[in-house]
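Dear colleague,

Please find below the structure I promised to hand over. My notes on it follow directly after.

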There are 2 protein chains.
Amino acid sequence: MNDTPTTLDAMHTQVWQRLMRGTKDKKAPENQPVLATAGLSGGAEVRTVVLRAASQAEARIEVHTDLLTDKVAELRADPCASLHVWNAKARLQTRLRLRVEILSGDQVAEVWANVPEGSRAAYGPDPAPATPIDTADGFARVPAADRFAILRGHVEEIDVVHLGQDQHRRALFRASDGFVGIWLVP
Amino acid sequence: MNDTPTTLDAMHTQVWQRLMRGTKDKKAPENQPVLATAGLSGGAEVRTVVLRAASQAEARIEVHTDLLTDKVAELRADPCASLHVWNAKARLQTRLRLRVEILSGDQVAEVWANVPEGSRAAYGPDPAPATPIDTADGFARVPAADRFAILRGHVEEIDVVHLGQDQHRRALFRASDGFVGIWLVP
């Protein structure tokens, strides 16, 4: 995967190979992309997330979160979001434009059952995330199955930029035309 | 700077130290943050940028761009944006909420004069960035002083999360109260 992708097909294939590797390899840049959402009062919000699933066949990715985080409120107000990875070694920027579906409760019970015990407390701080507190540790970590959510991002567009030594290449793949891809000026 | 910041002051100081180092050290994660903006038709857009300046005294950061990029159009429509850095080694997420001013022409002539010859072509592809083209190299690189712009981000809030081994800490610093800082639930 250190080959420079020079065709549209190769760029598209490499995007999904890297995303799928990112779901397993904690050291891959694709393991920790950022997710950008429209801010509730304008602008944009962005935070690091952990990529939990990626499927080229279904053109979707998944991220886990606590239902009480700001990003869930932002996605309820506007489900359009962007997932971004900068792979410095490959000099490759990948951006997925997503329509995000929020799954919780019975829809995620099976996935919750497989979340390791030690990781569950990440989904239920009390009080809720972003609440002001007097001391840095002024909160409890309480695993809360009813606050566990999957953000399922349906990929509508993929924008890839490769910054090569000699040449920069940029390609756009759209769900609407089956991801055949076109070149864009970088 | 590998010390774990445990006080509000230490967290705030470290944010600016890291950003300032990022303007000089190309290997620092802070050299290549992402900038998220509100999308023109909803959602959010996000891309890697290069941090060119950071000043704690003036509470601002700067990024260079081509006036014809989508991000400039997005910032003209909504100047609120977020700059994000994930420093994996320090396990530190830094987010700056910005109000972005777009400087060009005479305002940037002095800075343009110091952009190395070899870097200038990044500011004037013809046709404009994101134009569809038939082949990956179907564009010319023409240095264009009149398209060079500085995005000056005035920092309104800084949200920092440190994922420590034993404890996670999150702090918020606001321009409106002189960046004294408060703790938040991570």
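Ala171(A) sits in strand S11 of chain A, which covers residues 168-174. Please bear in mind throughout that this is a predicted model.

The relative accessibility of Ala171(A) is 0%, so this residue counts as buried. Leaving aside residues up to four places away in sequence, Ala171(A) is in contact with Leu8(A), Met11(A), Ile158(A), Asp159(A), Val160(A), Ile182(A) and Trp183(A). Between the C-alpha atoms of Ala171(A) and Val185(A) the distance is 8.4 Å, with 14 residues separating the two in sequence.

The second residue I examined is Phe139(A). Phe139(A) lies in the loop of chain A that runs between strand S8 (132-133) and strand S9 (140-141). Is Phe139(A) buried or exposed? Its relative accessible area is 18%, and the cut-off for a buried residue is under 20%, so Phe139(A) is classed as buried. The contacts of Phe139(A), again without residues up to four places away in sequence, include Pro125(A), Asp126(A), Pro127(A) and Ile133(A). Phe139(A) also touches residues of chain B, namely His168(B), Val185(B) and Pro186(B). Along its own chain, Phe139(A) is 10 residues from Pro129(A), and their C-alpha atoms are 9.4 Å apart.

**The two chains**

How are chain A and chain B related? Chain A is superposed on chain B by a rotation of 180 degrees, with a shift of 0.0 Å along the axis and an RMSD of 0.0 Å. This is the relation of a two-fold axis. Of the interface residues of chain A, 100% are interface residues in chain B as well, so the copies meet through the same surface.

**Chain A as a whole**

Chain A contains 4 helices and 12 strands. Its C-alpha atoms occupy a box of roughly 55 × 35 × 30 Å along the principal axes. For 186 residues, a compact globule would have a radius of gyration near 16 Å, and the 18 Å found for chain A agrees with this.

Of the 186 residues of chain A, 53% are classed as buried. When contacts between residues at least 6 apart in sequence are considered, 57% of them in chain A join residues at least 24 apart. Chain A has an accessible surface of about 8,500 Å², and carbon and sulfur atoms account for 48% of that area. As for charge, chain A carries 22 positive and 24 negative side chains, and the centres of these two sets are 6 Å apart.

With kind regards

Note on methods. Residues numbered from 1 in each chain as written. Chains lettered and ligands numbered in written order. Predicted model: local features only at pLDDT ≥ 70, side-chain atom pairs only at ≥ 80, totals over all residues. Heavy atoms only, no water. Least-squares fit on C-alpha atoms with pLDDT ≥ 70 in both. Contact = heavy atoms within 4.5 Å. Helix = DSSP H or I, 4+ residues; strand = E, 2+ residues; numbered from the N terminus. Rg over C-alpha atoms; globule rule 2.2 N^0.38 Å. Buried < 20%, exposed > 50% of the residue type's maximum accessible area, 1.4 Å probe, protein only. Areas by Shrake-Rupley, 256 points an atom, 1.4 Å probe, with all protein chains shown as cover. Lys, Arg positive; Asp, Glu negative; His and termini not counted. Charge placed at Lys NZ, Arg CZ, Asp CG, Glu CD.
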